[in-house]
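This report covers a pocket, a helix and a handful of individual residues. The sequence and the model are shown first.

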Amino acid sequence: MQMTESNRKYILIGIVIFIIIGIITSKILASKQDAEFNHDDMLSQQASQLYNEGNFEAAGKVINELLLRQPNSEVVNYLGGVITANLEEYEQSAILLQKTLDLNPHKVEDPIFMIQFGEALFNAERYNHALVVLEKCREAGWTPELYPAYQDRVTELLTLIDNL
């Protein structure tokens with residue numbers, strides 16, 4: 001089968017049109033994704049700012065919206081866990097911090113995360129789980145610069161659990 005010059009032109013034009021349609025489709029999809037990312041980033045920054053200002057109620061509302069949009073984000077779950085702890089919603093805090101740990105198992109090496117997680121579990125009255133986390137904190141011997149009384153707090157919580 002021989003191709004005529006006009007058949008080659010039609011095939012070439014078809015390929016070019018296919019490529020152009022692909023580029024346009026990619027551009028449209030990417031712009032939608034960019035808009036969603038920018039919105040989520042704005043919500044994350046807003047929640048962080050409200051938290052840093054001590055406005056935990058407003059931060060909680062923003063983080064709840066963000067958790068609906070990004071339920072598998074380590075950062076969003078961690079921020080949600082810290083905010084809910086400050087709202088004294090300890091069970092929810094423990095759940096979000098556990099999910100953070102599930103998403104990033106290396107968090108067990110983060111002393112600040114571990115004490116926050118231990119305190120959330122303790123306050124949620126999940127003492128057996130808190131005991132495991134706090135024992136890890138004690139065994140690691142962490143004393144972060146930002147929290148010089150870290151080991152004292154760990155010992156205090158462990159003592160409270162022992163006295164229950």
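By class, the lining of the largest pocket in this predicted model comprises 6 nonpolar, 5 polar and 2 charged residues. The lining has 13 residues, and those nearest the pocket centre are V82, A85, N86, Q116 and E119. The space in the largest pocket comes to about 180 Å³. Three helices each supply at least two residues of the lining: α3 (74-86), α4 (90-103) and α5 (111-123). Rolling a probe the size of a water molecule over the atoms shows where empty space is left.

One of these helices, α4, can be checked for its length and for the way its buried residues are arranged. With 14 residues at 1.5 Å a residue, α4 should span 20 Å, and the distance of 20 Å between its end C-alpha atoms agrees with this. Which residues of α4 are buried? They are S93, A94, L96, L97, T100 and L101. These residues lie on the same side of α4, because they cover an arc of only 170° around the axis. An α-helix has 3.6 residues a turn, so residues three or four places apart point the same way. The partners of the buried residues of α4 are α2 (56-69), α3 and α5, against which they pack.

N77 lies in helix α3. Is N77 buried or exposed? Its relative accessibility is 1%, so N77 counts as buried, the cut-off being under 20%. Leaving out residues up to four places away in sequence, N77 touches L67, Q70, P71, N72, L96, K99, T100 and L103. Among these contacts, L96 and T100 also belong to the buried residues of α4.

E88 sits in the loop between α3 and α4, while E125 sits in the loop between α5 and α6 (127-140). With a relative accessibility of 59%, E88 counts as exposed. E125, at 58%, also counts as exposed.

E65 belongs to helix α2. At 37% relative accessibility, E65 counts as partly exposed, since this value falls between the cut-offs of 20% and 50%. Apart from neighbours within four places in sequence, E65 is in contact with H39 and L43. Both of these numbers fall within the range of helix α1 (residues 5-52). V16 also lies in α1, and with a relative accessible area of 40% V16 is partly exposed.

The table collects the accessibility values given above.

| Residue | Relative accessibility | Class |
|---|---|---|
| N77 | 1% | buried |
| E65 | 37% | partly exposed |
| V16 | 40% | partly exposed |
| E125 | 58% | exposed |
| E88 | 59% | exposed |

Two separations along the chain remain. How far apart are the C-alpha atoms of E65 and R138? They are separated by 36 Å, with the two residues 73 residues apart along the chain. For V16 and E145, which are 129 residues apart along the chain, the C-alpha atoms are separated by 61 Å.

Key:
Residues are numbered from 1 along each chain as its sequence is written. This is a predicted model: local features need pLDDT of at least 70, side-chain atom pairs count only at pLDDT 80 or more; totals for chains, interfaces and linings use all residues. Side-chain values use heavy atoms; hydrogens and water are left out. On a 1 Å grid over the protein atoms alone, a cavity is a set of points where a 1.4 Å probe fits but cannot get out, and a pocket is an open set with protein on both sides within 12 Å along at least five of seven lines; lining residues have an atom within 4 Å of a point. Grid points are joined across faces, edges and corners, and a volume is the space filled by probe spheres set on the points. Helices (H or I, at least four residues) and strands (E, at least two) are DSSP runs, numbered from the N terminus. Ala, Val, Leu, Ile, Met, Phe, Trp, Tyr, Cys and Pro count as nonpolar, Asp, Glu, Lys and Arg as charged, and the others, Gly among them, as polar. The expected span of a helix is 1.5 Å times one less than its number of residues. Buried means under 20% relative accessible area, exposed over 50%, partly exposed in between (1.4 Å probe, protein chains only). The arc is that of the directions from the helix axis to the C-beta atoms. Contact means heavy atoms within 4.5 Å.
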